[in-house]
Amino acid sequence: PRPHRAQDGVPVVHHDERVDRTTDGTGRICDLTFEELRRFNAAARWNGKFGFQPIPSFEEYCAWAANQTLFTNIETKTDNTFYPNIEQEVWDMICRFGLQDRVMFSSFNHVTLLKLRKIAPSVDVGALVLEDGMVRVRPGDYCREYGFQAWHPSFASLNDENVANCKAAGVAVNVWTVNDMAALEKLHARNREGGSTNYP
């Protein structure tokens, strides 16, 4: 899940900072109350396949996950919108539902990851990078230097040199976004720890 904060302070789960692309609504999450956000259909782009699905709160996600056996990657969405203290707020909610041992964090904003390392030193964090980010550097060395347990590159930018550097540094590689079997087979052949997809 990707937590944002609604105008009235409620953490909500949504991919983008705006609702326009994925719902039948319009506007920035930070400008809308939770009640307003709940009126939008998060399944609108699926042509009725799933019926009406409201944007969930992060608390609702945690309550659901507490009764599952899954492991959750929480991508803090602080790279385009500043949500003061959201790292602590999200961690407190995770603790309230007893999910501390079943989560990791990732973010394109690596300052957020450093904050999370202070708040929860035992939790794993992964450095998300854009398609052209960290292509010509040693990502394993970078992650090890800052205490990040994983590197999260795009599948398109993945190369053997950076994968080898991560392996040598003891840094996991979790790739985004793997949406077809050919890409999944390539990922498996490289023996990577994980990947994200739009089609689980």
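**Close-up views of a predicted model**

**View 1. E75 and R2 meet side chain to side chain.** E75 sits in strand β3, which covers residues 72–75. Its relative accessibility comes to 7%, so E75 counts as buried, the cut-off being under 20%. Setting aside residues up to four places away in sequence, E75 touches P1, R2 and P3, along with S106, F108 and L128.

View 2. Is T78 buried or exposed? With a relative accessible area of 11%, T78 is buried. Its contacts, not counting residues up to four places away in sequence, are Y83, I86, E87, S107, N109 and T112.

**View 3. N85, a positive phi in that loop.** N85 also belongs to the loop between β3 and α3. Its phi is near 65°, a positive value, and the residue is not a glycine. What about its accessibility? N85 comes out at 52%, so this one counts as exposed, where the cut-off is over 50%.

**View 4. Helices α2 and α3 side by side.** Here helix α2 (residues 58–65) packs with helix α3 (residues 86–96), the axes being 10 Å apart and the angle about 30°. That angle makes α2 roughly parallel to α3, since angles under 35 degrees count that way. The crossing of α2 past α3 is right-handed. Which residues make the contact? From α2 they are F58, E59 and C62, and from α3 they are V90, M93, I94 and R96. Sorted by class, the α2 contact with α3 has 5 nonpolar and 2 charged residues, and no polar ones.

**View 5. W91 in helix α3.** Staying with helix α3, this view zooms in on W91. W91 has 9% relative accessibility, so it counts as buried. Which residues does W91 touch, not counting residues up to four places away in sequence? They are Q100, V103, F105, I119, A120 and V123. For a sense of scale, the C-alpha atoms of W91 and K115 are separated by 11 Å, and the two residues are 24 residues apart along the chain.

**View 6. E36 and the T33 backbone.** E36 is in helix α1, residues 34–37. A polar atom of the E36 side chain lies 2.8 Å from the backbone nitrogen of T33. Relative accessibility for E36 is 28%, so the residue counts as partly exposed. The C-alpha atom of I55, 19 residues apart from E36 along the chain, is separated from that of E36 by 10.0 Å.

**View 7. N47, with a positive phi of its own.** N47 is placed in the loop between α1 and α2. Phi is near 50° for N47, which is a positive value in a residue other than glycine. Is N47 buried or exposed? Its relative accessibility is 75%, so N47 counts as exposed.

**View 8. Where α5 crosses α6.** The axes of helix α5 (residues 139–146) and helix α6 (residues 160–169) come within 7 Å, crossing at roughly 35°. On the α5 side the contact uses P139, G140, D141 and R144. On the α6 side the residues are N162, N165, C166, A168 and A169. By class, this contact of α5 with α6 counts 4 nonpolar, 3 polar and 2 charged residues.

**View 9. A cis peptide at W176 and T177.** The peptide bond joining W176 and T177 is cis, with omega about -25°. T177 is in the loop between β7 (172–175) and α7. If you're checking backbone torsions in the model, here is the bond to look up.

View 10. A183 has a relative accessible area of 7%, so it is buried. Which contacts remain once its neighbours within four places in sequence are left aside? A183 is then in contact with F155 and V178. A156 is 27 residues apart from A183 along the chain, and their C-alpha atoms are separated by 9.5 Å.

Note on methods. Residues are numbered from 1 along each chain as its sequence is written. This is a predicted model: local features need pLDDT of at least 70, side-chain atom pairs count only at pLDDT 80 or more; totals for chains, interfaces and linings use all residues. Side-chain values use heavy atoms; hydrogens and water are left out. Axes are lines fitted to C-alpha atoms, for helices over the stretch in contact, and angles run from 0 to 180 degrees between N-to-C directions. Helices (H or I, at least four residues) and strands (E, at least two) are DSSP runs, numbered from the N terminus. Angles under 35 degrees count as roughly parallel, over 145 as roughly antiparallel, 65 to 115 as roughly perpendicular and the rest as oblique. A crossing is left-handed if the near helix is turned anticlockwise from the far one by less than a right angle, and right-handed if clockwise. Contact means heavy atoms within 4.5 Å. Ala, Val, Leu, Ile, Met, Phe, Trp, Tyr, Cys and Pro count as nonpolar, Asp, Glu, Lys and Arg as charged, and the others, Gly among them, as polar. Buried means under 20% relative accessible area, exposed over 50%, partly exposed in between (1.4 Å probe, protein chains only). A polar contact is a pair of N or O atoms within 3.5 Å; within protein, one must be able to donate a hydrogen and the other to accept it, and residues adjacent in sequence count only if both atoms are side-chain atoms.
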